[in-house]
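Try each task yourself before reading its solution.

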Amino acid sequence: MQSPPHAILLIHCPDQAGLINTVTDFVYRNKGNIVSLDQHVEEEQGVFFMRIAWEIDQFLIPREKIGEFFHTLIAEPNQMSWQLHFSDIKPKVALFVSKASHCLFDLLQRHLTGELACDIPAIVSNHTSLAYIAEQFDIPFYHFPITAKTKAEQEIKEKELIDELNVELIVLARYMQILSADMCGSYPNRIINIHHSFLPAFKGGRPYQSAYDRGVKLIGATAHYVTSELDEGPIIAQDVAVVSHKEGINDLKRLGKDIEKRVLSRAVYLHLQRRVLPFGRRTIVFD
């Protein structure tokens with residue numbers, strides 16, 4: 001049985017007494033049934049964060065007017081920044097890849113089984129190596145070969161495609177290109193990248209060789225929103241595996257790929273579930 005549609009509200013504002021009651025009363029008075037509520041206060045900065053979801057099948061305010069009413073009655077008087085989403089609207093996600101297939105396969109499999117509630121209208125790549133995967137999953141594949149001379153021109157074409165398809169989220173599933181500041185700035189908190197370490201350690205094209213050379217005891221991966229500062233965007237998810245001198249480079253690569261898959265899929269899932277609230281250079285991730 002399919003659950004009724006939910007409205008999902010993400011909020012942050014200066015902390016003050018009575019905020020939870022103010023928001024929940026707005027939902028209650030309009031016949032909304034609250035199904036989830038999570039809140040957090042950053043005491044040092046005096047900031048209140050909240051995620052609330054409620055059923056809207058019996059809600060008195062039409063869904064197209066909820067944002068307007070909430071802003072006027074609640075958000076503006078309390079200096080709230082807010083986002084409103086609906087559970088029955090599937091975001092469109094574009095997957096950007098290069099030659100490595102492990103993250104792409106993992107995301108597509110999770111999408112196929114319904115774990116990732118989204119539509120995937122495009123797989124974008126600077127190589128043709130993974131076109132066969134797009135064909136297997138019956139997803140359009142777009143090839144934008146990139147060199148130093150063509151990068152700016154190709155990014156314009158990529159942006160045109162993203163906007164034409166009405167894509168909300170771009171996932172860099174081991175896309176081995178550094179996005180320009182213009183590209184990053186066009187989609188704030190709408191591009192997720194997977195990085196092969198706890199940032200900022202072991203940057204570069206041979207991270208597992210560097211990790212092996214340093215004799216690391218932990219390897220990990222970090223999923224974050226992309227900003228114009230390379231690998232410095234707000235972190236969404238991280239994980240590690242314990243290793244020792246017994247693991248060779250190939251062992252580290254195998255373990256690393258597994259962590260990358262888990263962490264990237266976790267970050268994408270949290271974003272699609274509207275559980276990530278970016279705030280400055282960090283994120284609040286609700287349970």
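The exercises below go through the sheets, the helices and the nonpolar cores.

This is a predicted model, in which local features need pLDDT of at least 70, side-chain atom pairs count only at pLDDT 80 or more, and totals for chains, interfaces and linings use all residues. Residues are numbered from 1 along each chain as its sequence is written, and side-chain values use heavy atoms, with hydrogens and water left out.

**Exercise 1.** Work out the strand order of the open four-stranded sheet, and explain why one side of β2 and of β4 has no neighbour.

*Solution.* Start with the terms: strands (E, at least two residues) and helices (H or I, at least four) are DSSP runs numbered from the N terminus, and two strands pair if DSSP finds at least two bridges between them. The order is then β2-β3-β1-β4, with antiparallel pairing. Next, look at the edges: β2 (33-42) and β4 (81-86) each have a single partner strand, so one side of each is left without a neighbour in the sheet. Now zoom in on β2, which is joined to β3 (residues 47-55) by nine antiparallel bridges; Asn 33 has Glu 55 of β3 as its bridge partner.

**Exercise 2.** Trace the open sheet of seven strands and find its parallel pair β5 and β6.

*Solution.* First, write the order: β7-β6-β5-β8-β9-β10-β11, with mixed pairing. Then take β5 (residues 92-97) and β6 (residues 119-125), which pair in the parallel sense over five bridges; here Leu 95 stands opposite Ile 123. Moving along to β10 (residues 218-225), seven bridges join this strand to antiparallel β11 (residues 235-242), with Leu 218 opposite Val 242.

**Exercise 3.** Which residues touch the most other members of the largest nonpolar core?

*Solution.* Begin with the rule: a nonpolar core is a set of buried Ala, Val, Leu, Ile, Met, Phe, Trp, Tyr and Cys residues joined through side-chain atoms within 4.5 Å. Among the 40 residues of the largest core, the answer is Leu 95, Ile 192, Leu 264 and Val 268. Helix α8 (residues 249-272) supplies the largest share, eight residues. A second, separate core has 21 residues, including Leu 9 and Trp 54.

Note on methods. Buried means under 20% relative accessible area, exposed over 50%, partly exposed in between (1.4 Å probe, protein chains only).
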